[in-house]
Amino acid sequence: MPLSVDAGWSGLAPADLLELLVDAPVWVAGGHALDLWLQFASRPHGDLDVGCMREDLPRLRSRLVGWFLFEAHDGALFPLAHGEPPRPDVNSLWAHREGHRHWDIQIMFDRRVEGRWTYRRDPAITVPESQLTWLTTDGIRVLRPEVQLLYKSADPRPKDDLDLSNVLPRLDTSARAWLADAIGRAHPGSPWIDRVRSSP
C-alpha cells in the first residue's frame, strides 16, 4: 500500500545509508550536510536530503533495489515506475524501502551544464562540479555549506535562520563573498542578504 504524504520520515542519518551513499553519484544535502560540515548536531532533522544530477538518476536507481520512488509535485506524490524518468517539471523524489512505514530519503535534482553545477533558480550562478561537494572520512560526498545556504535563502524558515547563525561565522572569506553575491543575484529580497554581506 503506497505511503501518504503525511507518513512522516524515518529519521535516517547519512551514516545509516553508507552502502547507498559511498561511491555513488549523489551527495548529502539539507540540514544534515551543514551538520557534517560543522562536525556537530546543531538541531534535530526530520528528513534526509540527497542531491543528484538529474542525468545521473539511472545510476542511483541501480542502487535502490527494493525501494519505491515517488515524484513530489505541487504537494502531491505520484509513483514512479521502474525505468521511467521523472517528468521535467519534477525536481524531487520521495523514496522509501520496501516494507517501511515512513519515508526514508528525499532526492533533490540539480543541473549540470558543461561540467558545472547550475542553480535551477538562476542559471547564471554556477560552480565547477568538482568544487560542489567535499568528502567525509567515510567517503560520503556532502554539498558545500555556502551552496546549501543559497538554497535556504530564498524563503528561510526559523530552522534555516538557525542554520545560517551556526554556519555563517565559520565560513571563510571567499565562501561568504560567493554566498552574498549569489543571494544578491538570485534572491535580492531575501532577509539574509544584509546579514551575509555584513558578516566579518
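A crossing of two helices is called left-handed if the near helix is turned anticlockwise from the far one by less than a right angle. The legends below use this term for a predicted model, in which the crossing of α2 and α5 is one left-handed example.

**View 1. Helices α2 and α5 run side by side.**
The axes of α2 and α5 come within 11 Å of each other and cross at roughly 20°. Because angles under 35 degrees count as roughly parallel, this makes α2 roughly parallel to α5. On the α2 side the contact is formed by Leu34, Trp37 and Leu38, which meet Asp163, Asn166 and Val167 of α5. Sorted by class, the residues of this contact are 4 nonpolar, 1 polar and 1 charged.

**View 2. Helix α4 meets α5.**
Here the two axes, those of α4 and α5, come within 10 Å and cross at roughly 150°. Since angles over 145 degrees count as roughly antiparallel, α4 is roughly antiparallel to α5. As α4 passes α5, the crossing is left-handed. The residues Pro145, Leu149 and Lys152 of α4 meet Asp160, Asp163, Leu164 and Val167 of α5. This contact of α4 with α5 contains 4 nonpolar and 3 charged residues, with no polar ones.

**View 3. Helix α2 crosses α4.**
The axes of α2 and α4 come within 10 Å, and they cross at roughly 145°. The crossing in which α2 passes α4 is left-handed. From α2, the residues Gly30, Leu34 and Trp37 take part in the contact, while α4 contributes Pro145, Gln148, Leu149 and Lys152. In terms of class, the contact of α2 with α4 has 4 nonpolar, 2 polar and 1 charged residues.

After α2 comes Gln39, which is placed in the loop between α2 and β2. With a relative accessible area of 73%, Gln39 is exposed. Although Gln39 is not a glycine, its phi is positive, at about 70°. For comparison, most residues other than glycine have a negative phi.

Nonpolar side chains in soluble globular proteins tend to be buried together. In this model the largest nonpolar core holds 28 residues, and the members that touch the most others are Trp117, Leu149, Leu150 and Val196. Two or more residues of this core come from each of β1 (27-29), α2 (30-38), α4 (145-153), α5 (158-167), α6 (173-186) and α7 (193-198). Among these elements α6 gives the most, with 6 residues. Leaving aside neighbours within four places in sequence, the residues in contact with Trp117 include Met53, Ile125, Val127, Leu132, Val147, Leu150 and Trp178. The contacts of Trp117 also include Asp110, Arg111 and Glu129.

Leu69 is placed in strand β3, which covers residues 67-73. Because its relative accessibility is 7%, Leu69 counts as buried, the limit for that word being under 20%. Apart from neighbours within four places in sequence, Leu69 is in contact with Arg61, Leu64, Phe78, Pro79, Leu80, Leu93, Trp94 and Ala95. From Leu69 to Thr118 there are 49 residues in sequence, and the C-alpha atoms of these two residues are 25 Å apart in space. Asp74 lies in the loop between β3 and β4 (76-79). Because its relative accessibility is 73%, Asp74 counts as exposed, a word used for values over 50%. Asp74 is not a glycine, and yet its phi is positive, at about 55°.

How values were computed
Residues are numbered from 1 along each chain as its sequence is written. This is a predicted model: local features need pLDDT of at least 70, side-chain atom pairs count only at pLDDT 80 or more; totals for chains, interfaces and linings use all residues. Side-chain values use heavy atoms; hydrogens and water are left out. A nonpolar core is a set of buried Ala, Val, Leu, Ile, Met, Phe, Trp, Tyr and Cys residues joined through side-chain atoms within 4.5 Å. Buried means under 20% relative accessible area, exposed over 50%, partly exposed in between (1.4 Å probe, protein chains only). Helices (H or I, at least four residues) and strands (E, at least two) are DSSP runs, numbered from the N terminus. Contact means heavy atoms within 4.5 Å. Axes are lines fitted to C-alpha atoms, for helices over the stretch in contact, and angles run from 0 to 180 degrees between N-to-C directions. Ala, Val, Leu, Ile, Met, Phe, Trp, Tyr, Cys and Pro count as nonpolar, Asp, Glu, Lys and Arg as charged, and the others, Gly among them, as polar. Angles under 35 degrees count as roughly parallel, over 145 as roughly antiparallel, 65 to 115 as roughly perpendicular and the rest as oblique.
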